[in-house]
Amino acid sequence: MPGFAQSLLAALWQDAPLVQAPFFLIGVASLMLWPGDLLIPRDKKRRWSLLTQITLAITIFLIILTPHRSGFSSMLRIDTMTQAFQLICTLATIATVALSTKLLDLMHEHTVEFYALLLFALSGMLFLCGATDLVTIYFSIELMALPIYVLVGYLREQERGIEAGVKYFLLGAFSSGIMIYGISLVFGATGGTTTNLDRLASELVIAMDSRATMVTLGVLMVLVGMAFKVAVVPFHMWTPDAYDGAPTPITAFMASAPKAAAIFAFARIFGVGFHNISNTWILGMEYMAAASMILGNVAALRQQSMKRMLAYSSIAHVGYMMLAILSNDPNLSVMSFSGVQTLWLYVFSYLFMNFGAFAVITFLQGKGEGERIEDFRGLSHRNPWLAFAMMLFLLSLAGIPPLIGFFSKFILFKMALERGFVLLTVIAVLTSAVSAYYYLGVINQMYFRSHPNKEPLKTDRVTGYLVSICAIVVLLGVSAGRWLIEVVDNIKL
Amino acid sequence: MSQFANTLLMLAATFIPFVAAIVLLFVPKDRSEIFKKGALFATVLSFALSVPFFFAYDRTSDAVQWAQSWSWIPSLGIQFSVGMDGISLLLWLLTTFIGPIAILCSWEAITERLKEYYVWLLVLQTAMLGVFITQDMFLFYVFWEVMLVPMYFLIGIWGGPQKLYAAIKLFLYTLAGSVLLLVAVLAIYFLQVETNGTLDFSLASFQAMAPVIAEQTRTYQTLLALAFFLAFAIKVPMFPFHTWLPDAHVQAPTAGSVILAGILLKMGTYGFVRLLLPIFPTAVKDLMPWFIALSLIGIIYGALVAMIQKDMKKLVAYSSVSHLGMCMLGIFALNPYGFKGALFQMINHGISTPGLFLAVAVVYDRRHTRMIADFGGLSETMPVYSTIFMIMTMSSIGLPLLNGFIGELIILQGSFQAFPWAAVVATTGIILGAAYMLWMFQRVMFGSISDVNRKMPDLTPREIIVFAPLVVMAIWIGLYPRPLMDIMDRPVAKLVRQLSPDYYQAPSLSADQEKAKQEGMRGMEAPQNPNNTGNSEVIEEKR
């Protein structure tokens with residue numbers, strides 16, 4: 001049937017602009033591996049960093065220029081919300097590359113694969129942000145996760161790194177298995193008609209009448225699979241080890257970009273696809289959110305390692321983000337933001353505080369100072385600006401006004417209360433007060449203790465810029481509230 | 001237009017310390033003189049700008065004056081809205097007044113990391129001033145929380161041996177209280193959206209919600225009121241939420257103690273007067289027995305614990321618990337006398353307690369100990385010091401002709417009207433207060449003097465300059481309290497009306513007023529012009 005083939009090709013060609021950005025990334029990354037790797041001599045590998053940055057800058061343009069519509073038989077849809085999340089992922093990748101260059105140099109671990117893998121992972125995220133079908137979501141998650149498994153274990157000389165990589169890979173693969181099984185159950189329950197989220201929304205309600213057990217089981221399995229990906233208690237076990245063992249820039253990357261994409265997909269699946277049957281999953285998700293907030297913050301209290309502490313803190317923050325997913329209701333026309341909009345604001349602000357903090361850690365690590373909380377002692381003497389910026393990031397993570405972390409928490413809690421999650425919100429505010437304790441612990445070290453080595457630490461240019469940009473955004477926080485709100489107002493699912 | 005200019009002036013007085021802090025950030029670290037003088041200049045300038053407001057304030061109106069608001073986040077109804085009524089004006093002035101004293105008393109005591117010290121102190125000053133001028137709930141919350149950070153650093157870096165513990169305890173305690181406040185604020189915000197359909201964070205709109213809140217279920221009201229209560233009670237601090245206070249006071253540097261005692265504690269009482277009472281009149285009346293009980297326990301317990309202290313600073317810290325309990329008792333009397341007395345006592349406490357902390361710091365700077373047992377007979381060699389110490393002690397005890405007396409008298413008057421037994425119990429607190437303060441004074445100032453203490457020099461000119469304003473204020477307010485009374489008159493009357501709308505129409509009161517008129521007691525008679533907004537009684541004769 002040449003006619004069919006032709007029309008298929010024509011349709012694909014017509015939808016091609018929707019995937020221009022991820023395809024561009026995949027193309028560049030593949031070319032970098034071969035023949036690119038052969039072109040640049042072994043001792044000049046640093047150049048890849050610049051090339052990657054240029055690629056990413058072009059990607060930003062491609063994302064912005066992507067048309068807004070649905071394509072590939074409604075398996076993918078680009079809207080402003082998709083673009084907004086895609087931009088967060090790309091920005092996070094840019095920052096990661098900037099942080100990595102110096103560190104990789106110091107460790108003599110510069111390879112082209114590092115950058116190529118980052119680009120592959122990013123292309124997966126870009127797909128994931130646009131995916132509106134369980135099948136595309138699943139395949140994008142895999143495309144995103146596989147390169148990250150490798151990146152986590154990138155420091156193959158270190159046992160910690162390998163352990164982290166293997167652990168992450170095994171648990172990740174396991175959770176993917178659960179998820180795909182859940183998807184197949186959902187698919188079967190609807191009579192094998194669709195995996196499209198929009199259609200599932202209505203089909204599942206019908207399916208609930210006849211095959212309630214099957215639907216419930218499927219939905220819960222998808223929930224478990226997604227919970228693994230975003231690291232929600234009780235499926236968070238891999239996080240501290242993976243964060244700890246990965247090279248620090250990759251830790252920062254994992255805590256922001258894949259998390260942003262995965263949580264957005266999470267919101268799409270449960271806020272749109274499974275929303276009409278929320279009675280099957282809402283209780284489980286509420287418990288998971290509460291457990292994440294409590295356990296994440298409490299476990300962080302006892303950590304000695306900066307990266308482990310931030311890992312637990314990120315678990316707690318995902319707990320807060322779950323509030324946004326819970327509150328999302330596509331059927332409700334409300335005067336305030338939808339859950340996904342709030343989620344975006346939260347992820348956006350988290351990006352800056354998180355990256356700022358990790359930039360400081362990476363910098364200290366590069367100076368051979370290590371990554372324990374103790375290593376921050378006396379930082380205020382040795383580099384006042386760095387210490388001050390770090391203080392801002394930590395206070396912002398704790399949600400102290402007038403920083404940006406407070407503002408996004410404020411908007412989030414406001415919305416959650418509006419939708420009636422009073423108990424969860426109370427848990428959220430109380431645990432965020434608890435979280436101040438361990439963030440202050442680091443500030444204690446920086447300001448109240450002194451370091452045996454009194455010499456001033458000089459920052460390199462990249463760290464300086466990155467930290468300054470993040471600090472300014474964090475500091476603007478509430479005072480820029482008006483513009484933040486306007487931006488969020490304009491991005492819609 | 002001049003109205004607008006006044007508002008700008010008010011903002012200038014508030015934000016000058018902050019601007020100075022930013023400027024000082026760019027001065028090189030080793031220019032210690034610039035930090036001292038710059039900080040002093042900024043706070044003195046801020047004080048100088050604030051004084052005219054005392055005279056410009058329109059005492060015949062209970063409205064928020066110099067009010068102005070700028071749109072901030074319109075889609076949420078958040079505004080940058082400022083303005084003051086008499087209550088906030090007095091506390092605002094107290095803050096600008098304490099500012100230079102706090103700077104000046106650190107002049108020699110702080111020897112390391114000067115730059116950071118003065119920058120944090122100035123930031124703290126602006127944050128505190130901001131709390132008193134804001135008329136928007138969101139902005140209030142922002143200032144309220146921001147204040148914690150500089151205080152945390154002041155205690156954590158320049159504090160005593162247990163500074164880390166004290167700093168974190170202060171921070172977490174206060175934060176834990178205020179996050180629930182945020183939830184409660186949002187709950188009222190949504191209630192407002194449901195009933196009026198308006199998005200508004202202004203204090204006035206929150207206070208206007210009182211009748212609607214009163215119609216909600218009892219549990220709802222009580223929970224919200226308790227969330228507010230917790231936030232403010234921790235800050236005051238009321239028993240049993242006071243445990244952070246002795247730690248913070250003892251560990252803080254002198255300026256930190258001065259600011260803590262002088263202003264920070266008043267934030268809590270201010271919160272009660274400004275938010276909790278006007279927004280939840282019904283719930284407050286329901287919970288009143290508990291509140292009164294806690295205040296009374298605070299008065300007695302604080303005094304008893306102060307009595308057995310061996311450390312002078314700790315003694316003064318516990319005396320704060322007792323005095324603030326007294327303020328709370330006055331506030332919970334919910335009548336004009338109670339409020340006026342409480343406000344008055346807040347000002348007094350903001351003058352006498354910083355004075356006492358400074359006095360303790362004088363001997364601490366010389367001998368590096370604060371133990372009462374280490375001193376004795378100081379009046380022999382330090383006559384100026386012991387005189388000032390005595391004035392401050394007497395002011396704190398409430399000796400007539402000094403400021404403390406008037407506040408306590410009016411509070412007892414008010415609480416006797418409302419709860420006679422509570423007033424009786426509170427009076428024992430005053431007696432105990434006299435006991436522990438005089439006992440300390442006796443042990444430190446009289447008796448035989450040791451050789452080490454004999455060598456201590458009397459006050460330096462700088463120290464005298466620090467004490468002078470406090471002494472002047474203590475005596476001035478004690479002799480002529482009327483200007484302060486006038487300022488708080490109308491706002492207090494408004495507050496009382498918000499709590500019990502028919503208070504001034506109550507039959508027993510009007511009968512009393514009628515009788516007073518016949519007998520010629522001018523202070524007690526009914527207001528002359530009941531048609532205007534300030535339908536209040538006036539304590540003293542008409543102007």
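This is a predicted model: local features need pLDDT of at least 70, side-chain atom pairs count only at pLDDT 80 or more; totals for chains, interfaces and linings use all residues.
## Interface of chain B and chain A

Contact between the two chains involves 38 residues of chain B and 34 residues of chain A. Together the chains bury about 3,200 Å², and 83% of that area is on carbon and sulfur atoms. The elements of chain B that give two or more residues to the side touching chain A are one strand, β1 (65-73), and the helices α4 (114-133), α5 (137-146), α6 (148-158) and α7 (163-196). The most is given by α7(B), with 15 residues. By class, this side of chain B has 31 nonpolar, 3 polar and 4 charged residues.

Polar contact across the interface is found for 4 residue pairs, with both residues of each pair at pLDDT 80 or more.

## Aromatic pairs

Over all chains, a search of the whole structure gives 59 aromatic pairs. One of them joins Phe348(A) and Phe352(A) in an edge-to-face arrangement, 5.0 Å centre to centre with 70° between the planes. These two residues are separated by about one helical turn because they are 4 residues apart in helix α14 (residues 339-366) of chain A. Phe348(A) has 16% relative accessibility and therefore counts as buried. Phe352(A) is also buried, its relative accessible area being 12%.

In chain B, the ring centres of Phe229(B) and Phe291(B) are 4.4 Å apart and the planes are at 10°, so this pair is stacked. The pair links distant parts of the chain, with Phe229(B) in helix α10 (residues 218-235) of chain B and Phe291(B) in helix α13 (residues 281-307) of chain B, 62 residues apart. Both Phe229(B) and Phe291(B) are buried.

## An aromatic cluster with residues of both chains

One aromatic cluster includes Phe406(A) and Phe410(A) from chain A. From chain B, the cluster holds Phe4(B), Trp70(B), Trp72(B), Phe80(B), Phe138(B), Tyr141(B), Tyr189(B), Phe190(B), Phe201(B) and Phe206(B).

Thr174(B) lies in helix α7 of chain B, the element that gives the most residues to the side of chain B touching chain A. With 2% relative accessibility, Thr174(B) counts as buried. Beyond its neighbours within four places in sequence, Thr174(B) is in contact with Leu148(B), Ile234(B) and Lys235(B). Thr174(B) and Ile234(B) are 60 residues apart along the chain, and their C-alpha atoms are separated by 6.4 Å.

In chain A, Ser396(A) is part of helix α16 (residues 384-398). Ser396(A) counts as buried at 1% relative accessibility. Leaving aside neighbours within four places in sequence, its contacts are Met353(A), Leu403(A), Ile404(A), Gly405(A), Phe406(A) and Val474(A). Of these contacts of Ser396(A), Phe406(A) also belongs to the aromatic cluster described above.

## Helix α6(B)

Helix α6(B) is mostly covered, with 11 of its 11 residues buried. The buried residues of α6(B) are Leu148(B), Val149(B), Pro150(B), Met151(B), Tyr152(B), Phe153(B), Leu154(B), Ile155(B), Gly156(B), Ile157(B) and Trp158(B). Among them, Leu148(B) is in contact with Thr174(B). The helix α6 (148-158) is also one of the elements that give two or more residues to the side of chain B touching chain A.

Terms used:
Residues are numbered from 1 along each chain as its sequence is written. Chains are lettered from A and ligands numbered from 1 in the order in which they are written. Side-chain values use heavy atoms; hydrogens and water are left out. Contact means heavy atoms within 4.5 Å. Buried area is the accessible area (1.4 Å probe) that two parts lose on being put together, summed over both. A polar contact is a pair of N or O atoms within 3.5 Å; within protein, one must be able to donate a hydrogen and the other to accept it, and residues adjacent in sequence count only if both atoms are side-chain atoms. Ala, Val, Leu, Ile, Met, Phe, Trp, Tyr, Cys and Pro count as nonpolar, Asp, Glu, Lys and Arg as charged, and the others, Gly among them, as polar. Rings of Phe, Tyr and Trp (its six-membered ring) pair if their centres lie within 6.5 Å; planes under 30 degrees apart count as stacked, over 60 as edge-to-face and the rest as tilted. Buried means under 20% relative accessible area, exposed over 50%, partly exposed in between (1.4 Å probe, protein chains only).
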